[in-house]
Amino acid sequence: IQKKLLQAININVDIGKEIQADSTIPPHQTKRITYQGTSWQATNLDSEEVRQNDRVVIVGIDGNTLLIRKAN
């Protein structure tokens, strides 16, 4: 139980972080990006394309998928 609780706390810390996308992700599509040295699935929640090197914000996490939007 303690391990799961610590994982949940760590995930919540990631929400709100701004990162650089290392691949292009069309609107409402999922692709792999690198985050903290690991490959993650990332879903672009915006209605416009996230391009490689764009700054994005992690707005949520669904299982092992980062939910992202373009940073303002």
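Is Gln36 buried or exposed, and at what relative accessibility? Gln36 counts as exposed because its relative accessibility is 55%; buried means under 20% relative accessible area, exposed over 50%, and partly exposed in between, with a 1.4 Å probe and protein chains only.

1. Basis. This is a predicted model, in which local features need pLDDT of at least 70 and side-chain atom pairs count only at pLDDT 80 or more, while totals for chains, interfaces and linings use all residues. Residues are numbered from 1 along each chain as its sequence is written, and side-chain values use heavy atoms, with hydrogens and water left out.

2. Sheet. Five strands make up an open sheet of mixed pairing, ordered β1-β4-β5-β3-β2. Its edge strands, β1 and β2, each pair on one side only. On average, neighbouring strands are turned by 50 degrees against each other, direction ignored. Strands (E, at least two residues) are DSSP runs numbered from the N terminus; two of them pair if DSSP finds at least two bridges between them. Axes are lines fitted to C-alpha atoms, and angles run from 0 to 180 degrees between N-to-C directions.

3. β4 and β5. Six bridges join β4 (residues 55–62) to β5 (residues 65–70), in the antiparallel sense. Asp62 stands opposite Thr65 in β5.

4. His28. This residue sits in the loop between β1 (18–20) and β2 (30–35). His28 counts as exposed because its relative accessibility is 54%.

5. Gln36. The loop between β2 and β3 (38–44) holds Gln36. Although Gln36 is not a glycine, its phi is positive, about 55 degrees.

Key
Helix = DSSP H or I, 4+ residues; strand = E, 2+ residues; numbered from the N terminus.
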